[in-house]
Structures are given as structure tokens and as C-alpha cells.
Amino acid sequence: MITDHVLFIDGEAIVIDKPTGLPVDPPRDGALSLENHLQSLTFGFQRWPQAVHRLDRDTSGCLLLSRNPKAHKRFQRVFEAGLVTKRYLAVLDGVPTGEEGLIDIALDKISSEADGWRMIGSPKGKPSRTHWRLVRVEGAQSLVEFRPETGRTHQIRVHAAEGLGAPVAGDPVYGRKGPHGMLLHAAALIVPREGKPDVSAEAPLPERFAAAGFGPVAVADPEPIIEPGHG
């Protein structure tokens, strides 16, 4: 049950550990989506909660839902201002050069009748920045922590493939399919609130990571990224 996936709840917010394979928005193929579970996440409220941001269908982990329209608008403003701290973990097909760094590649959307749409690095695209750190290496694969500053569609997936030369394992668009599905997980989320404690949640590493040879790992709590001149 989706109620078993709740990581944080108060009068304004719910954070769930979204399962892999569950789309946030209703898909064209008619499969079940988060929308089919919202009624069970009311917890006594009349209004159904609403997703504040998006995770890809095959990405698991922390997803913020608002419990009323005013909170939803406040949370959206915080996301748009770049004040939300997000930490992802991913298994990559390959090992990046170095221990850590910043991927600064603008992203643009392209589409074709044959292949559909996808995101690519392009000077014409929207600015996109992702901090990364190598956590562990197992053979030809690596576990990498990503902390995106921006929230572009498929940002981590494209930055891993183009910026590090090592796509997310199991990524059918920017890499290749794998036996454990796409190994990308939104591990932690911190959303600041004025006058109230932060919305803060951590989602444990899913079983599919352990099946791929990357079990639970101790990672430092996420710290807000402060740009020069902003603190």
C-alpha cells in the first residue's frame, strides 16, 4: 500500500518513498499512476494531496506532496528559487574520472518521429548544474551521489551519460536496459519553510540496488549548496 511509503507528514506536507515504475502523472499507456493513490493519502483531510514536483517513472525515492493549495504555492516558489536540497544515488555503467565535481551542461529537448523525445546537452538549452561524488566502485560499475542545483527533466540521467561518460545503469533512453531496472533513487529531500521546521525526509536504498551489488551505504546528510554571493 502507498500509505506504507510515507516518510514525512504534517498539516502541510507529505513525503512518500515513490516506488519505481509508478508514474507521477497518468501515462498514455493507461497504467496506474500516483493519481490512483491520492485518496488513500488524505489522512483525514478532505482535499487530496498534490505532487509539488516530479520524479521519472522508473526513479524511486522522496517525492513531496502538498496538502492544501496555499502550501502548494509556497512549496513551488521554494523549488523555483532553488532552495530545495536534493540528494540522489545512482549506479552507473562505468566509473567516472576523479572523486567529485560539478557537471555544468545546459539541457535542451529534442524529438523525432522514430525515437520520440529526449534531452541532450546543448548551448541553446536551459542552464543545468549537478554536483557529484563517487561513493563506491564495484567492477565496471560505480555508485555515485548526485546533488542537483537545478531541476531539469532527466537532468541527472543526461549529466551522468554526457558529463561523466557513464549512464545510469538500466536507463533505456541514455544507456541500456538492465536486469534490475533503472538504478536511480531520490535518497533525501530538504524543503525549507519560513517560521516552521524544514520538511525533511530520507528514503532507504531500494532492494534493487542490493540485487545489483550495491547494498545500503552510509552517506553524509545533505547540506544546502550556497552559491558565491548568496550567504
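Two residues are in contact when heavy atoms lie within 4.5 Å. Keep that cut-off in mind for this tour.

This is a predicted model, in which local features need pLDDT of at least 70, side-chain atom pairs count only at pLDDT 80 or more, and totals for chains, interfaces and linings use all residues. Residues are numbered from 1 along each chain as its sequence is written, and side-chain values use heavy atoms, with hydrogens and water left out.

**Stop 1: Phe146**

Select Phe146. Set aside its neighbours within four places in sequence. Phe146 is then in contact with Lys86, Arg87, Tyr88, Ala90, Leu92, Ile103, Thr130, His131, Trp132, Ile156, Ala160 and Leu164.

**Stop 2: the cores**

A nonpolar core is a set of buried Ala, Val, Leu, Ile, Met, Phe, Trp, Tyr and Cys residues joined through side-chain atoms within 4.5 Å. Buried means under 20% relative accessible area, exposed over 50%, and partly exposed in between (1.4 Å probe, protein chains only). The largest nonpolar core has 28 residues. Select Ile16, Leu34, Leu65, Leu92 and Phe146, which touch the most other members. Now colour by element. Helices (H or I, at least four residues) and strands (E, at least two) are DSSP runs, numbered from the N terminus. Strands E2 (13-18), E4 (60-66), E5, E9 (129-138), E10 (141-148) and E11 (184-193), together with helix H2, each give two or more residues to this core. E5 gives the most, with three residues. Another core, of 16 residues, lies apart from it; Ala13, Val52, Ala71 and Phe75 are among them.

**Stop 3: the whole chain**

Zoom out. The protein chain has three helices and twelve strands. Its C-alpha trace spans about 50 × 45 × 40 Å along the principal axes. Buried residues make up 46% of the 231 residues. Among contacts between residues at least 6 apart in sequence, 64% join residues at least 24 apart.

**Stop 4: the largest pocket**

A 1 Å grid is laid over the protein atoms alone: a cavity is a set of points where a 1.4 Å probe fits but cannot get out, a pocket is an open set with protein on both sides within 12 Å along at least five of seven lines, and lining residues have an atom within 4 Å of a point. Grid points are joined across faces, edges and corners, and a volume is the space filled by probe spheres set on the points.

The largest pocket holds about 1,300 Å³ of space. Its lining has 41 residues; select Arg54, Leu55, Asp56, Thr153 and His154, which lie nearest its centre. Next, select H1 (69-80), one of the elements that give two or more residues to the lining. H1 gives the most, with four residues.

**Stop 5: the largest cavity**

The structure holds one cavity of 30 Å³ or more. The largest cavity has a volume of about 30 Å³. Select its lining: His53, Leu55, Cys62, Lys86, Arg87, Tyr88, Ala186, Ala188 and Leu189. E5 and E11 are the elements that give two or more residues to this lining.

**Stop 6: helix H2**

Select H2 (155-163). Gln155, Ile156, Arg157, Val158, His159 and Ala160 are buried there. Gly165 follows H2, with a positive phi near 70°.

**Stop 7: Ala212**

Select Ala212, in the segment after helix H3 (207-211). Ala212 counts as buried because its relative accessibility is 18%. Leaving aside neighbours within four places in sequence, Ala212 is in contact with Gln141, His180 and Leu183. Ala212 and Pro179 are 33 residues apart in sequence and 8.5 Å apart in space, C-alpha to C-alpha.
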